[in-house]
Amino acid sequence: MQDSRTNHGNPSGADQRLIDQYTELVTLSGALAHEIKNPLSTIRLNMELLAEDLNDAVSPRERRARNKIAVVQRECQRLQNLLDDFLNFARLRRLNLEPGDLNVVIRSVLDFFAPQAAEQQVEVIRYLDPDLPGVLLDRETLNAALLNFVLNAQQAMPGGGQLLVRTHGVTGGVALDLIDTGCGMDEKTAAKIFQAFYTTKPGGSGLGLPTALKIIEAHNGRISVESEVNRGTKFTIFFPTPPRIGKTRGEI
C-alpha cells in the first residue's frame, strides 16, 4: 500500500531555502514551457494550412505528403497536451479552502462522467454518506483531481466494469473510496504511479495522478492505494475535519 502524507510542520531555514529553490525552478520550468508553446502554435497553424492545401490530394506524392502532415499534427497535439499537463502540475497558487460538502463535489464529477461511463460500459455505484461531516475544500481544483481518479479507473476498464464510489466518516475526518474492477497493478507499478512522468499508458503524460496528489495534499489530505493484478484497484482519499466545521449540506 502506498500512502502519501502531508507534513504540516513549519519549515526550518534549510528547508525554506530548498522551498525557495524549488519555487524558482518551477517558475523557470513554467516559463520555458510557455516559450515552447509559442513556436509550437506556429508549427500547428502552418501544418493546418498545408493540410488544407492538400485536402484534394490526387497524386501518390500528394497523398504521402498529406499523411506525413497528419503525423506531424498528431505529434504536435501530443506535445501540446504534455505542456498543458506540465503547466497544471507546476502551477503554484494558493487554494481557496472553504467549508463544503465533499459529496456535492463527487456528485458533480460523477454526473459529468456519466455519459462517458455509459459509453464505456462502466457501471458507477454510489454510496455517499448523507451525514458526512463538512471539510475545507477548493471546489474547482478538487473537482479536477477527483475527475482524474475517475478517468484513471475508466481507463483501467477498457472492456467495461464497475466503479464503486463511497464516502464515510473516519477518525479525524472523512474518507472517499474509489474501487474499480479493472486490470489492477502489481506492487512495483503501484509504488510509482504518483511519480511525475511515470506512465504505463501509450501517449500518457504521467502527470495526471501526480497533479491530483498535489491537490489532495494542498487540502491537507492523503491518499492510499491497494491494487491486485486482474482484480482491480482501490484508492482511498482522506480529508481532515477542521475544528468547529460541522455538517455542510449542499444542493443535490
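This is a predicted model: local features need pLDDT of at least 70, side-chain atom pairs count only at pLDDT 80 or more; totals for chains, interfaces and linings use all residues.

A crossing of two helices is called left-handed if the near helix is turned anticlockwise from the far one by less than a right angle, and right-handed if it is turned clockwise.

Two packed helices are described by the angle between their axes and the distance between the axes. Helix α4, which covers residues 139–155, packs with helix α6, residues 208–218, at an angle of about 140°, and the two axes lie 9 Å apart. As for handedness, α4 passes α6 in a left-handed crossing. On the side of α4, the residues that make this contact are Thr 141, Leu 142, Ala 145, Asn 148, Phe 149 and Asn 152, while α6 brings Gly 208, Leu 209, Ala 212, Ile 215 and Ile 216. Sorted by class, the residues of this contact of α4 with α6 comprise seven nonpolar and four polar ones, with no charged residue.

The other packing joins α4 to helix α3, residues 102–119, and here the angle is about 45°, with axes 9 Å apart. This angle makes α3 oblique to α4, and the crossing of α3 and α4 is right-handed. From α3, the contact is made by Leu 102, Val 104, Val 105, Ile 106, Ser 108, Val 109, Leu 110, Phe 112, Phe 113 and Gln 116, and from α4 by Arg 139, Leu 142, Asn 143, Leu 146, Leu 147, Val 150, Leu 151 and Gln 154. The residues of the contact of α3 with α4 divide into 13 nonpolar, four polar and one charged.

Rolling a probe the size of a water molecule over the atoms shows where empty space is left. In this structure there are two cavities of 30 Å³ or more.

The largest cavity has a volume of about 40 Å³, and its lining consists of Ile 106, Val 109, Leu 110, Leu 146, Val 150, Val 165, Leu 176 and Leu 178. Helices α3 and α4 and the strand β6 (173–180) each supply at least two residues of this lining, with the largest share, three residues, coming from α3. By class, the lining of the largest cavity has eight nonpolar residues and neither polar nor charged ones.

The second largest cavity holds about 30 Å³ of space and is lined by Phe 149, Asn 152, Ala 153, Leu 163, Leu 178, Asp 180 and Phe 235. Two or more residues of this lining are given by α4 and by β6, and the largest share, three residues, comes from α4. The lining of the second largest cavity divides into five nonpolar residues, one polar and one charged.

Terms used:
Residues are numbered from 1 along each chain as its sequence is written. Side-chain values use heavy atoms; hydrogens and water are left out. Axes are lines fitted to C-alpha atoms, for helices over the stretch in contact, and angles run from 0 to 180 degrees between N-to-C directions. Helices (H or I, at least four residues) and strands (E, at least two) are DSSP runs, numbered from the N terminus. Contact means heavy atoms within 4.5 Å. Ala, Val, Leu, Ile, Met, Phe, Trp, Tyr, Cys and Pro count as nonpolar, Asp, Glu, Lys and Arg as charged, and the others, Gly among them, as polar. Angles under 35 degrees count as roughly parallel, over 145 as roughly antiparallel, 65 to 115 as roughly perpendicular and the rest as oblique. On a 1 Å grid over the protein atoms alone, a cavity is a set of points where a 1.4 Å probe fits but cannot get out, and a pocket is an open set with protein on both sides within 12 Å along at least five of seven lines; lining residues have an atom within 4 Å of a point. Grid points are joined across faces, edges and corners, and a volume is the space filled by probe spheres set on the points.
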